[in-house]
Amino acid sequence: AGDPLDFTVATADAGNGRLKVVATDGGGAPCRVFTANDSDDVYSVRVDTRDPGKYAVRVQWAGEDVPGSPFAVATSSRITAQSMHVEGPGLKSGRTGEEASFTIHAPKPGLMDAGELTVQVASSTSGELKDLKTLDGGDGLYSVTYRPLVADEHTISVRYKDQNLP
């Protein structure tokens with residue numbers, strides 16, 4: 001997901017009217033916009049962006065565009081390998097023929113389906129394990145289980161967009 005667009009609109013010298021904010025992505029699809037009247041003349045605005053990229057934000061007061069509107073803005077992704085971590089007993093040891101497990105903590109679900117988050121477990125003698133299972137919990141927690149087939153050293157690689165997780 002792209003970073004949300006957060007900004008304030010001050011209307012103290014604008015006269016009577018209503019605030020209207022409309023945002024679209026680079027393809028023209030509308031975005032969800034939330035506004036809150038923080039005080040008599042200040043509004044907080046949040047635009048939810050689906051992906052990093054360019055957006056157009058139209059700000060109107062009393063049915064008229066404010067100066068400079070529509071505004072062209074860009075968002076970036078706040079998800080990085082450093083924003084995630086991995087923990088669990090299966091990172092340190094496992095027993096031949098028995099299931100070992102660990103958990104990946106990520107900012108959002110769906111990263112494995114998108115191919116952005118990858119997991120590999122490999123034996124130093126027999127190569128990549130075929131009995132590797134991952135489960136997206138739908139809340140940013142990913143459960144990983146594997147079964148070591150031979151008694152030797154195993155290497156676990158968890159990557160987000162080709163960067164190793166810490």
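Visitor: Which residue in strand 14 stands opposite threonine 118?
Guide: In this predicted model, arginine 159 of strand 14 faces threonine 118. Strands here are DSSP runs of E, at least two residues long, numbered from the N terminus.

Visitor: How many bridges join strand 10 to strand 14?
Guide: Strand 10, residues 117–123, is joined to strand 14 by 7 bridges, and the two run antiparallel.

Visitor: And what is the order of strands in that open sheet?
Guide: The sheet has 4 strands in the order 11-10-14-15, with antiparallel pairing; two strands pair if DSSP finds at least two bridges between them.

Visitor: Which are the edge strands?
Guide: Strand 11 (127–128) and strand 15 (163–164) are the edges, each pairing on one side only.

Visitor: What about lysine 161: where is its place?
Guide: Lysine 161 sits in the loop between strand 14 and strand 15. Its phi is positive, near 50°, in a residue other than glycine. With a relative accessible area of 46%, lysine 161 is partly exposed, that is, between buried (under 20%) and exposed (over 50%), using a 1.4 Å probe and protein chains only.

Visitor: Where is alanine 62 found?
Guide: Alanine 62 belongs to the loop between strand 5 (53–61) and strand 6. Although not a glycine, alanine 62 has a positive phi of about 55°, and at 45% relative accessibility it counts as partly exposed.

Visitor: Changing topic, which peptide bond is cis?
Guide: The bond from serine 69 to proline 70 is cis, with omega near 0°. Proline 70 lies in the loop between strand 6 (64–65) and strand 7 (71–75).

Visitor: What are the ground rules?
Guide: Local features need pLDDT of at least 70, and side-chain atom pairs count only at pLDDT 80 or more, while totals for chains, interfaces and linings use all residues. Numbering starts from 1 along each chain as its sequence is written, and side-chain values use heavy atoms, leaving out hydrogens and water.
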